[in-house]
Amino acid sequence: MVQHVDVLICGSGSAGLCAATWLARCGITCKILEKNSGPMQLGQADGVQCRTVEVFESFGLAEELLRTAYHVLEVAFWSSDSNGNLVRTRRTADTMPGLSHQPHVILNQANVNGFLLNAMKRFNEQTVDYGYTVKNVHVNGITSTQTNTTVNMSSASANDDVYPVTVTAERFGVEEIFKAKYALGCDGAHSSVRRSLGYQMIGDSTDAVWGVMDIYPRTNFPDIRKKATLHSNSGNLLLIPREGDSLVRCYIELPRGTVPKSVKLGDLHYTAQRIFYPYSLEIAETFWWSAYAIGQRLVNFFHKDYRVFLTGDACHTHSPKAGQGMNVSLQDGYNLGWKLAAVLKGRASPKLLETYNLEREKVAADLIDFDRHFTKLFSSKANSTNGHPPDYFAEQFIKAGQYTAGLTAKYDDSIITSATRARQELATGLKVGMRFPSTQVVRFCDAKAMQLIKALPADGRWRVVIFAGNLQDSACVERLDRLARFLSSEEGPVRQFTAPGEDIDSFIEPILVLHGDRLQIEQEQIPLYFSPVNGKWRMRDLFKTFVDDESYNAGHGHAYKNYGINVAEGAIAIVRPDQYISLVTALDDHQAIGDFFGGFALRP
């Protein structure tokens, strides 16, 4: 029997589950095949960067994640002194102030995946089918062993076969065939999907070998509950405190020439104890351990005919010390999930899917380059400056903080990113192609101080965020009125691309951010477009207007200042469903707004 599905996801790692969560949130059912017999019980990844916490916040999951995780607040740098004793050389904040409103935390990947599994179930009764081994994948009748060829998207989308992807999988010794519109290879570094497509991982591996172990330590080392780097004469170690307040992870550099398969647990214990000297380290129990050789590799193709997409470790592998693996993989799925949902729901042209390759391949290539630099930096010998200042390692480690927080990804121009047409000078703090940074505002209807990003949850909608200035200024009022008339008109993109019978904000939602004394503003001054009648009860929605003003109990967020917006001029930011900024333009540039949505959106 052949089963037909819209989206087939091979693998239930972070990338696959994040994509599936997006699909479930948008009402799309998919099929997830996992070779293991059940959910992950013990993941190797543990670092949850600021951007990943923001992603969980967009799904409404951050509160539970933050309650469960261990919060890393400080990094300590240790090195051997002239007598060979380990001494602290510096301390710094783990995440520099102002990078994100969310912290960097530590949580086992099994727990992270568990939150996504629960969200999928809650959103759309989506579950995972366990015990499946993927055997073969091919597209449009072309055997998967052929080399990749670029195809015209119009011909692919016009193909007579509505389900052009065929996946053969086996469970309990029985082969099953699935026909899908799209398939995702989210099945890890040894990806069956990648192998079936005949794609190769390009790159190299170094002769550096590292061990990793989760231990319950008895020690007098003073920074055992902080993130710490130890550069000693006996070797290098990265210390990560884990959730539960007792467990600690150690990444340990092993002598060159070590063969990973020959490493024994006793080797890791002995090396760690030497690195910690003169502090004592007694290991009460080892919860988990492994050894690996560092390699940086990138797949030669990220997709097959824009019908099969590779994500996560299936298309990029690297060392784990910078804490990027689970995070970048999860964000691959976050990038792709909403795009698949938009295409399948008829909201956007299939050309939208081309942007996955454009955006995430660049992110993966940057990750490989960063990992090479970071690994080389970390493997330097104690007190070896190579011509650099003595605190060079600490300075470089701190400098990399914005990258390791996941906040440096900048997407190039495409049908959904328009830096070349942007009026970037109108909002210098809102960089086109980068994620929308949050700051505190006050919600007008109930005086609640909140992060502005809370008004942009991951539900598939586009946002037009309007910084209209001060309503005590007649010029600002006139501009806002003209904009409201345009957005609510039959010629505007909102009505053009919203299906009949749906709420007027179901595809493009306006978010209004005013400036000035909130107590001097009355609801009647705000155009009705910004409080539409919607929802089951057909009530007026008052939750779309915010003010950059002092709150009763949380101070002032200074949104206009932080975003670099002149109050007299104002600005508009078009924000994608995944919270990346597509366009910054002027309040009166109505054509730019219409042209932007007309470049990818489909009339219902």
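This is a predicted model: local features need pLDDT of at least 70, side-chain atom pairs count only at pLDDT 80 or more; totals for chains, interfaces and linings use all residues.
User: What makes residues 410-602 a named span?

Analyst: The name comes from a record. UniProt lists the span as "domain: Phenol hydroxylase-like C-terminal dimerisation", in an unreviewed entry. Such annotations may be inferred rather than shown by experiment.

User: How is the chain divided into domains?

Analyst: Domain 1 takes in 2-57, 108-140, 155-202 and 297-403, while domain 2 is 424-599. The bounds come from an automatic or database domain assignment. The C-alpha centres of domain 1 and domain 2 lie 32 Å apart.

User: How do you know that domain 1 and domain 2 are in contact?

Analyst: Contact requires heavy atoms within 4.5 Å. By that rule, 12 residues of domain 1 are in contact with 18 residues of domain 2. The area buried between the two domains is about 1,300 Å², and carbon and sulfur atoms give 46% of that area. Arg51, Trp338 and Arg347 supply 44% of what domain 1 buries against domain 2, more than any other three residues.

User: Why is the pair Glu54 and Arg435 called a salt bridge?

Analyst: The cut-off is 4 Å, from a side-chain nitrogen of Lys or Arg to a carboxyl oxygen of Asp or Glu. The side chains of Glu54 and Arg435 meet at 2.9 Å, N to O. That distance is within the cut-off, so the pair counts as a salt bridge. Across the interface of domain 1 and domain 2 the rule finds 4 salt bridges. There are also 7 residue pairs in polar contact across this interface, with both residues at pLDDT 80 or more.

User: Which elements give two or more residues to the side of domain 1 that touches domain 2?

Analyst: They are helix H1 (14-25), helix H2 (50-58) and helix H8 (325-344). H8 gives the most, with 4 residues. By class, this side of domain 1 has 4 nonpolar, 1 polar and 7 charged residues.

User: How many salt bridges does the structure hold?

Analyst: The structure holds 37 salt bridges. One of them joins the side chains of Asp129 and Lys31, at 2.9 Å, N to O.

User: Why does the pair of Asp129 and Lys31 tie together parts that are apart in sequence?

Analyst: Asp129 lies in strand E8 (residues 129-130), and Lys31 lies in strand E2 (residues 30-34). The pair therefore ties together parts that are 98 residues apart in sequence. Side chains of opposite charge can pair when their charged atoms come close.

Notes: Residues are numbered from 1 along each chain as its sequence is written. Side-chain values use heavy atoms; hydrogens and water are left out. Buried area is the accessible area (1.4 Å probe) that two parts lose on being put together, summed over both. A polar contact is a pair of N or O atoms within 3.5 Å; within protein, one must be able to donate a hydrogen and the other to accept it, and residues adjacent in sequence count only if both atoms are side-chain atoms. Ala, Val, Leu, Ile, Met, Phe, Trp, Tyr, Cys and Pro count as nonpolar, Asp, Glu, Lys and Arg as charged, and the others, Gly among them, as polar.
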